[in-house]
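The structure is shown first, and the points follow by topic.

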Number of protein chains: 2
Amino acid sequence: MTRTKDNQRASSIDVARLAGVSQSAVSRAFTPGASISEEKKKRIYDAAVKLNYRPNVIARSLAQRSTKIIGLVMTRFRSPFYTTVLGDFTRHIQEQGFSTLLLNIDNDQEVYDVLSTALQYQVDGLIITSANLSSAMVDSCLNAETPIVLFNRYAENNHLNAVYCDGYDGGRMVADFLLPKHSRFACITGEASSSTSRDRSMGYITRLGERGIGECICEDAEFTYESGFEAARKILALPNRPDALFCTSDLMALGAMDAARNIFRLKIPKDLSIVGFDDIPMAAWHGYELTTAAQPAPKMAEATVNLLLNAIRNNSRDTMVLKMKTELIVRSSTR
Amino acid sequence: MTRTKDNQRASSIDVARLAGVSQSAVSRAFTPGASISEEKKKRIYDAAVKLNYRPNVIARSLAQRSTKIIGLVMTRFRSPFYTTVLGDFTRHIQEQGFSTLLLNIDNDQEVYDVLSTALQYQVDGLIITSANLSSAMVDSCLNAETPIVLFNRYAENNHLNAVYCDGYDGGRMVADFLLPKHSRFACITGEASSSTSRDRSMGYITRLGERGIGECICEDAEFTYESGFEAARKILALPNRPDALFCTSDLMALGAMDAARNIFRLKIPKDLSIVGFDDIPMAAWHGYELTTAAQPAPKMAEATVNLLLNAIRNNSRDTMVLKMKTELIVRSSTR
DNA sequence: AACATTTTTGAATACGTATTCAAAAAATAC
DNA sequence: GTATTTTTTGAATACGTATTCAAAAATGTT
């Protein structure tokens, strides 16, 4: 091993020396499409194998001013919806030759820190899921000239790229579906700060109103099973119990189903119809068979990655907002 | 804005020029503990704010030969167990001032590619979950001198750091728990290639044998709800139906429960006891209340990250294997 | 064979930071 | 006050690659 310094990784210079060529040649040998003769290329590869050489992507990133890294800001790792999407994100990102820097946030306070480290890592682009961005942060992003796509969030002023699902329309669909066969309506909503959840419940309630139902029992909850369970326990204990319940996420709906069945001994859907939102895998489980407004998660994830990569490759400054439709999947939790 | 080149991010040189100091001074201003006067530091910070300067971590990584990035190789994004763990990993990694490069693999074939890109990104360390490493890959890792910790896998020769859960012992515990009140035993196992699943079922079957039960109906499945459902459908259709069923993962167990109840109209636990493994959130749902051998996931995740960071910081070459115990959580899916 | 064209090549430099080293400045000791 | 130690400072260089530029080699044309 004719390595200059022992115990270190080999560099392109080491390979060049062993192969009897210049460092530039080594660089070109590892750059697809670069001008280099086949014979020299072979010689370089042989030397590279001998030294166990692999190009240092960090150095390349510095020289090319492009890291080929996508920053992915995520919350709510326990939500099946988001983890499914996370798998899709990383798969698409890798398929396109990029890598994923995953940044976890527990609450919106941390967004700024996390965003700032992502930018320091010179990510080529950013995907931000379900975080509430302050306008200061938006500015900071725009300032950094780093393309950004929001997932399931949208900026009020449409100044940022976004891919999201039309929750308002989804809520309306649910209302239209439930209206014919039910008379007393209720709704369990997610965190109030979340525009996502607000859109869904607003669509539902507005549509009910349009069709003559002025009253809808509402209960605030968090986006968890337990929270849905507790909210349903409150709602179903009321006099004049509702016979139709819309939950703005599947996880809450499943909790609500279990509360209805286990605490109140209700038959679903005979005594109570329940509808969720998302279509997580558990909604299809035989123990639940939850009717739900399905988000086209795979399509959304793919569109998000493609939108971002296009922005990166074309260096385009104009923004694009993709609003997708939900599809009502009718299972046996509704009559 | 006295920036040298327009439309580019400011560099430490730009800041130095504006603040009237040397580039080294700027570097020191952003290096905690470096020798620099308070007065100059303030002047530099002011200039940095004016130029919206943030240190370029990529350049720093090159200079320091340390990226502060942990590579995290993951499969099975749909499994609630692994996504919970993923959240813990990233949180701990971030708390320690590192970032996470997330690498998704769908099957073991891709491990090599993914590992190789991680190494090219000069990650400071690697966590590998549930992948089967060929010995060639292990060599390649050792060669790269990059610390590695396996999560829920262990190298046969103990030549790699590992944190995992004692599935063999867990399986024995389940057998001991079920033996007194049952007479016909069955087992649904995960993918045969997975040593994780094999350990669990071997512990179970071995212990049954030790205590006089020579026969155990076994059915192979994948680590999914649907697969558990199908496997249970086969097993429960047999003459002389079992009255105790151990599934090597919760997800399969939940599928099995639904098959038992919905297809065979069995009462759980009266007609059939079911035990799972992992303790995913859904196991505690009121619709299931699954008895399970719980993995101490949060502890395991924390230990994994700590083990890795210690190896990185101390540059230690000796390996460490942490084997954790399961805890049997008894719920109402067993009599 | 002479010339024009294309391809291949290596030297030099840039990317943005950390760090070493020696000089300068400040603080302390006597 | 000088001598001594400590702290602060900037110039120079290293990190490992990509890329520009001009020279050299190979190829094609007549």
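Helix axes here are lines fitted to C-alpha atoms over the stretch in contact, and angles run from 0 to 180 degrees between N-to-C directions. The model under discussion is predicted. Two packed helices are described by the angle between their axes and the distance between the axes.

**Helix packing within chain A**

- The axes of α6(A) and helix α7 (residues 135-144) of chain A cross at roughly 5° and come within 11 Å.
- Because angles under 35 degrees count as roughly parallel, α6(A) is roughly parallel to α7(A).
- On the α6(A) side, the residues that take part are Val111(A), Tyr112(A), Leu115(A) and Leu119(A); in α7(A) they meet Met137(A), Cys141(A) and Ala144(A).
- Sorted by class, this contact of α6(A) with α7(A) has 7 nonpolar residues, with no polar and no charged ones.

**Contact between chains A and B**

- Chain A gives 40 residues to the contact, and chain B gives 40 residues.
- On the side of chain A that touches chain B, the elements giving two or more residues are α4 (57-64), α5 (80-95), β2 (99-104), α6 (111-120) and α11 (250-262) of chain A.
- Of these, α5(A) supplies the largest share, 8 residues.
- The residues on that side of chain A comprise 16 nonpolar, 20 polar and 4 charged.

**Strand pairing across the chains**

- β2(A) pairs with strand β2 (residues 99-104) of chain B in the antiparallel sense, over 3 bridges.
- Leu101(A) has Leu101(B), in β2(B), as its bridge partner.

Notes
Residues are numbered from 1 along each chain as its sequence is written. Chains are lettered from A and ligands numbered from 1 in the order in which they are written. This is a predicted model: local features need pLDDT of at least 70, side-chain atom pairs count only at pLDDT 80 or more; totals for chains, interfaces and linings use all residues. Two residues are in contact if their C-beta atoms, placed from the backbone, lie within 7 Å. Helices (H or I, at least four residues) and strands (E, at least two) are DSSP runs, numbered from the N terminus. Ala, Val, Leu, Ile, Met, Phe, Trp, Tyr, Cys and Pro count as nonpolar, Asp, Glu, Lys and Arg as charged, and the others, Gly among them, as polar. Two strands pair if DSSP finds at least two bridges between them. Angles under 35 degrees count as roughly parallel, over 145 as roughly antiparallel, 65 to 115 as roughly perpendicular and the rest as oblique.
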